[in-house]
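Trainee: Could you take one part of this predicted model and go through it closely, then connect it to the rest of the chain? I would like the geometry in plain terms.

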Amino acid sequence: MSVDAVRPCRMVSTGSYRPASVDAGQVAERLGVTREWVLSRTGVESRCVAGPDESVMSMATLAAREALAAAELPADAVDVVLVATSSNLQLCPAVAPQVAAALGLQVAAFDLSVACAGFCYALHVARSLIGAGGCDTVLVIGADRMLDMIDPDDPVTAPLFADGAGAVVLRATEGESGVGPVVWGSCGQRSAALEVRPHPLELEIAARVHPRLHMDGLAVTRWACATVPAAVREILAAGGIGWDDVAAFIPHQANWKMIRRVVRALDVPDSVVVADDGRFTGNTSAASVPLALDRLVTSGGIPRGRWAVLVGYGAGLAYAGQAVRIP
Amino acid sequence: MTLEEFEQILTSVVHGDKAGPEKAIRLPEEALDRHFEELDVDSLARAEMVTVISDTYRIEIGDDEAGELTTPRSVLEFLAAAERGTS
């Protein structure tokens with residue numbers, strides 16, 4: 001990894017919270033299709049579905065507690081709490097201060113809304129905060145309740161999206177940097193390809209219309225398949241590493257079919273583990289990258305200290321990614 | 001690409017490779033100008049359709065061109081023009 005201009009930090013632990021798993025057969029039955037149809041289009045065998053008491057805040061807090069426990073750190077070691085989320089239906093206040101309070105903290109806490117790219121954006125913000133010297137330890141959480149925004153009868157979105165939260169702890173280190181430079185960007189002119197409609201201000205209260213996430217699968221797939229491989233090549237170049245240095249590739253778990261296309265386009269060698277958490281968890285938006293990372297870390301399937309390449313992409317349209325040393 | 005070949009591609013992207021004959025998509029003349037959404041070919045299936053056509057016929061299809069492939073006839077005409085080298 002190239003020499004960092006900023007004060008170095010590293011990821012010291014991961015944590016996760018997954019609500020109950022629901023088999024793809026259930027959504028297939030609702031849509032009037034077969035389970036095989038769902039699997040052939042999405043690769044999603046089961047999805048995590050939150051219950052009424054599993055809010056974005058409560059899931060984020062439980063994932064954060066697990067990450068702190070894994071790091072063997074008391075909550076009061078945390079200087080800043082960041083929550084990447086775009087599905088908290090109560091727009092104000094932000095989720096992060098409530099998570100901080102649930103952890104017994106009164107530290108700086110704020111949300112970032114960049115949908116499925118949100119966690120990687122937040123990771124870079126945390127790295128920058130530590131790099132600037134303003135803090136030593138940042139809790140970075142991705143949490144979403146996507147099913148609140150999904151039309152259960154929409155065959156494009158219903159078989160894919162899910163609920164959950166993942167968290168990591170980032171700490172300043174005297175040693176080598178464990179979080180590489182970010183590669184990020186956006187394409188706002190294509191924002192309509194993945195958006196919640198109707199706009200709340202267009203709603204008549206009496207109409208009781210529930211805004212839902214609409215996805216133009218063609219536009220999103222083509223953008224992602226063109227953008228993500230290029231971004232990943234930049235991530236490797238920015239960090240001065242090659243696939244030989246990488247133990248795991250952890251893309252946003254949008255859709256297993258799309259991930260396989262990206263892997264083929266990048267010619268990822270067989271020695272690199274490709275995260276497939278989405279097949280069992282679904283697309284949890286901002287939570288998907290940290291959940292996929294946590295599954296690999298806790299399963300022991302990837303060696304600590306080696307590099308993992310993370311990349312998030314989705315509504316915005318926006319993307320971000322970086323290499324991290326596996327905690 | 002013949003109409004029959006296109007029907008096979010659509011059947012595969014909408015119902016999967018193992019779709020039985022009862023799932024076979026047919027495109028009579030009156031269906032050719034209907035939007036794919038009306039024919040139960042949703043946007044994820046269209047994404048797959050464009051990839052399959054691009055790979056099968058070795059044709060580069062740009063984002064704008066892909067976005068304009070909204071009816072069966074638009075696809076057939078696009079392919080015919082590409083085969084003539086005029087797309």
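**A loop and its surroundings**

Mentor: Pro198(A) sits in the loop between strand S9 (194-197) and strand S10 (212-215) of chain A. The peptide bond that joins Arg197(A) to Pro198(A) is cis, with omega about -5 degrees. A cis bond also joins Gly316(A) and Leu317(A), where omega is about -15 degrees. Leu317(A) is again a loop residue, between strand S13 (307-314) and strand S14 (318-325) of chain A. A further backbone detail concerns phi: Glu72(A) is not a glycine, yet its phi is positive, about 55 degrees. Glu72(A) belongs to the loop between H3 and S4 of chain A.

Next, the helix pairs. Two packed helices are described by the angle between their axes and the distance between the axes. For H1 (residues 24-31) and H2 of chain A, the axes come within 8 Å and cross at roughly 110 degrees. Angles of 65 to 115 degrees count as roughly perpendicular, so H1(A) is roughly perpendicular to H2(A). H1(A) contributes Ala24(A), Gly25(A), Val27(A) and Ala28(A) to the contact, and H2(A) contributes Arg35(A), Trp37(A), Val38(A) and Leu39(A). By class, this contact has six nonpolar residues, one polar and one charged.

The axes of H6(A) and H7 (residues 256-266) of chain A come within 9 Å and cross at roughly 40 degrees. The two helices, H6(A) and H7(A), are therefore oblique to each other. The crossing of H6(A) past H7(A) is right-handed. From H6(A) the contact takes Thr221(A), Ala224(A), Cys225(A), Val228(A), Pro229(A) and Val232(A), and from H7(A) it takes Met258(A), Arg261(A), Val262(A), Ala265(A) and Leu266(A). By class, the contact of H6(A) with H7(A) has nine nonpolar residues, one polar and one charged.

H2(A) and H6(A) also matter for the boundary with chain B. That contact takes 13 residues from chain A and eleven residues from chain B. On the side of chain A that touches chain B, the elements that give two or more residues are H2 (35-42) and H6 (217-239) of chain A. H6(A) supplies the largest share of that side, five residues. The residues of that side of chain A are six nonpolar, three polar and four charged.

Finally, the whole chain. Chain A has nine helices and 14 strands. Its radius of gyration is 19 Å, close to the 20 Å that the globule rule gives for 327 residues, so chain A is as compact as a globular protein of that length. The C-alpha trace of chain A spans about 55 × 45 × 35 Å along its principal axes.

Conventions
Residues are numbered from 1 along each chain as its sequence is written. Chains are lettered from A and ligands numbered from 1 in the order in which they are written. This is a predicted model: local features need pLDDT of at least 70, side-chain atom pairs count only at pLDDT 80 or more; totals for chains, interfaces and linings use all residues. Two residues are in contact if their C-beta atoms, placed from the backbone, lie within 7 Å. Helices (H or I, at least four residues) and strands (E, at least two) are DSSP runs, numbered from the N terminus. Ala, Val, Leu, Ile, Met, Phe, Trp, Tyr, Cys and Pro count as nonpolar, Asp, Glu, Lys and Arg as charged, and the others, Gly among them, as polar. Axes are lines fitted to C-alpha atoms, for helices over the stretch in contact, and angles run from 0 to 180 degrees between N-to-C directions. Angles under 35 degrees count as roughly parallel, over 145 as roughly antiparallel, 65 to 115 as roughly perpendicular and the rest as oblique. A crossing is left-handed if the near helix is turned anticlockwise from the far one by less than a right angle, and right-handed if clockwise. The radius of gyration is taken over C-alpha atoms; the globule rule is 2.2 Å times the number of residues to the power 0.38.
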